[in-house]
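Biologist: Before we discuss any contacts, please show me the sequence and the structure.

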Amino acid sequence: MRPKALIAANWKMNKLPSEVSAWVRDLKDALTGKVLNADLAICAPYPHLPALVEAVRRTAIRPGAQDVSAHKAGAYTGEVAAAMLQDVGVELVIIGHSERRQYHQESDTLINAKLQRLQEHGLVPILCIGETITEREAGMTEQIVLGQLTACLQGISLKLAAELIIAYEPVWAIGTGKTATAEDAQEVCGAIRTTLLKLYPTLAEGIRILYGGSMKPDNAAELLSQPDINGGLVGGASLEVASYLGIAEGA
Ligand code: PGA
């Protein structure tokens with residue numbers, strides 16, 4: 001069965017913890033009387049999380065983080081463990097974002113360890129994969145994306161499709177205003193589904209595959225109508241309630 005769309009906001013390093021509750025209140029107000037065909041999640045920086053968890057309590061909006069340590073606990077200055085996120089009330093965690101791969105040299109092996117930590121604490125990973133422009137122009141898109149997918153999922157077993165979310169984010173489309181065409185995005189997401197069917201035959205159809213990269217209200221509906229695109233991971237356009245909601249209304 002086709003999973004319900006999820007529109008996950010990725011606030012990246014934006015906003016202040018003191019701004020969270022007013023933003024969520026504005027979102028809740030804007031949602032009044034509307035029926036969406038999408039679930040909502042907000043992935044915020046660590047210091048924002050207690051306020052976010054509190055603000056979305058008793059709503060269907062799910063609170064998320066943007067990273068997690070690959071370690072369980074101990075002498076890792078500056079790191080944040082999965083147990084801490086769980087304790088705060090976080091439900092989803094983005095891992096393997098291309099900005100972490102690019103600026104913090106994160107490898108598929110490290111991301112695989114992070115996935116294991118999330119599973120130990122019942123947190124749902126939003127696993128990001130995607131090719132650079134050089135890789136796309138060299139005709140290597142599927143090789144790169146499916147290679148990242150299988151390496152990151154090495155040894156990961158799932159009991160439920162809801163335990164894993166994939167985000168296909170072509171690196172060249174992130175924050176650039178260049179969106180993949182709906183056909184290009186569907187082609188890669190379809191290939192991701194085929195690989196998931198091999199890895200998790202009974203669950204793959206229910207695993208959400210999100211598209212990310214300059215998603216906006218005016219391109220969301222077309223992207224979200226593709227058979228293997230089950231939502232979006234939204235950066236820039238998620239910072240304003242109106243554009244975030246505009247995307248969710250495209251589902
Ligand atoms: P963008 O970012 O929507 O600003 O392109 C998406 C992401 O990086 O998750």
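Predicted model: local features only at pLDDT ≥ 70, side-chain atom pairs only at ≥ 80, totals over all residues.

Modeller: At 47% relative accessibility, Glu54 counts as partly exposed.

Biologist: With which residue does Arg57 form a salt bridge?

Modeller: Arg57 is partly exposed, at 41% relative accessibility. Its closest N and O atoms in the salt bridge are 3.0 Å apart, and the partner is Glu54.

Biologist: How many residues apart are Glu91 and Arg62, which the pair links as distant parts of the chain?

Modeller: The side chains of Glu91 and Arg62 meet in a salt bridge at 2.9 Å, N to O. Glu91 lies in the loop between helix H3 (82-88) and S4, whereas Arg62 belongs to strand S3, a separation of 29 residues.

Biologist: Is Lys114 buried or exposed?

Modeller: Lys114 forms a salt bridge with Glu106, with 2.8 Å between the closest N and O atoms. Buried means under 20% relative accessible area. Lys114 has a relative accessible area of 4%, so this residue counts as buried.

Biologist: Which residues are linked with Glu106 and Lys114 in a network of salt bridges?

Modeller: Glu106 is itself buried, with a relative accessible area of 7%. The network that contains Glu106 and Lys114 also includes Asp67 and Arg100.

Conventions: Residues numbered from 1 in each chain as written. Heavy atoms only, no water. Salt bridge = Lys/Arg side-chain N within 4 Å of Asp/Glu carboxyl O. Buried < 20%, exposed > 50% of the residue type's maximum accessible area, 1.4 Å probe, protein only. Helix = DSSP H or I, 4+ residues; strand = E, 2+ residues; numbered from the N terminus.
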